[in-house]
Amino acid sequence: MNNNQISIVFKSFFVILAVVFSGSVIGQQKYVIDNRNHFWDKVQFGGGLGLGIGSGYTDISVMPSAIYNVNEIVAVGVGLQFGYLSSKSYYNSFVYGGSLVGLVNPIPEIQLSAELEQVRVNTDYNSTPYRPSYSDNYWNTALYLGAGYRTGNVTIGAKYDVLYNAQTSLYGSGFMPFVRVYF
C-alpha cells in the first residue's frame, strides 16, 4: 500500500469513528429543562386546635403552622398562636403570637425539634373580696426542645421549655406533650 491509500483508509476510519461517537455524544446531551417552581411541593401545612372546658374553666386555642422541607432530614417553618383562657370569677386572658420551628429527622421514625415561641398575654383579673380588679399585659418567650415518634405525617412526643421560669411563664410547667400533624 502506498501512502495515499493508507491516508485514505485512515481518513475513512476516522470519519466513521467521528460519526459513531458524535451520535452518542449528542444522545448524552439531551436533557429536559424543568422550569417549574418546586417551592410549594416542599411546603406542608398543619397545626393544632385545643379545647378545654371544665368546671368554670375554658381554654380555646388555634395554632396554624407551615413548614418547608429543606430535604428529607431537615424542615424549617413558622407558626401562629391564638388563644383564649378563662377561669370563672377569676380572669380572662387572650394570647397571640408566633413561633419559628426547626425539625430534624435523623431517622424517619424519630423527630427532634426546636421551637422559639413569642406570645403576647393580655389578662384581666376580676375583683375579689381580697383584691381589686387589674390587668396584666406582657410578652412571654419560650424555647422548646423536643423529641417525638413519627409515623407518616403525625408525630407524638414531648418538648421542654429551657427558658421556663415558674414565676413568669405563661404555662404551669416547662414540660409539654404534643401531637404534630402536617399535610
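Strands, like helices, are DSSP runs numbered from the N terminus, a strand (E) having at least two residues and a helix (H or I) at least four. Strands of a sheet pair through backbone hydrogen bonds, either parallel or antiparallel. Residues are numbered from 1 along each chain as its sequence is written, and side-chain values use heavy atoms, without hydrogens and water. Because the model is predicted, local features need pLDDT of at least 70 and side-chain atom pairs count only at pLDDT 80 or more, whereas totals for chains, interfaces and linings use all residues.

Along the sequence, the elements follow the pattern α-β-β-β-β-β-β-β-β, which corresponds to one helix and eight strands.

Strand 1 and strand 2 are joined in the antiparallel sense over 12 bridges, and in the hairpin that they form, with two residues between the strands, Gly56 adopts a positive phi near 80 degrees. Strand 2 (residues 57-69) is in turn joined by 11 bridges to strand 3 (residues 74-87), and these two strands also run antiparallel.

Within strand 4 (residues 91-107) lies Ser99, which counts as buried because its relative accessibility is 12%, buried meaning under 20% relative accessible area, exposed over 50% and partly exposed in between (1.4 Å probe, protein chains only). Leaving aside neighbours within four places in sequence, Ser99 is in contact (heavy atoms within 4.5 Å) with Gly77, Val78, Gly79, Glu115, Leu116 and Glu117. The side chains of Ser99 and Glu115 are joined by a polar contact of 3.4 Å.

For the protein as a whole, buried residues make up 25% of the 183 residues. Of the contacts with a separation of 6 or more, 42% are between residues 24 or more positions apart.

Notes: Two strands pair if DSSP finds at least two bridges between them. A polar contact is a pair of N or O atoms within 3.5 Å; within protein, one must be able to donate a hydrogen and the other to accept it, and residues adjacent in sequence count only if both atoms are side-chain atoms.
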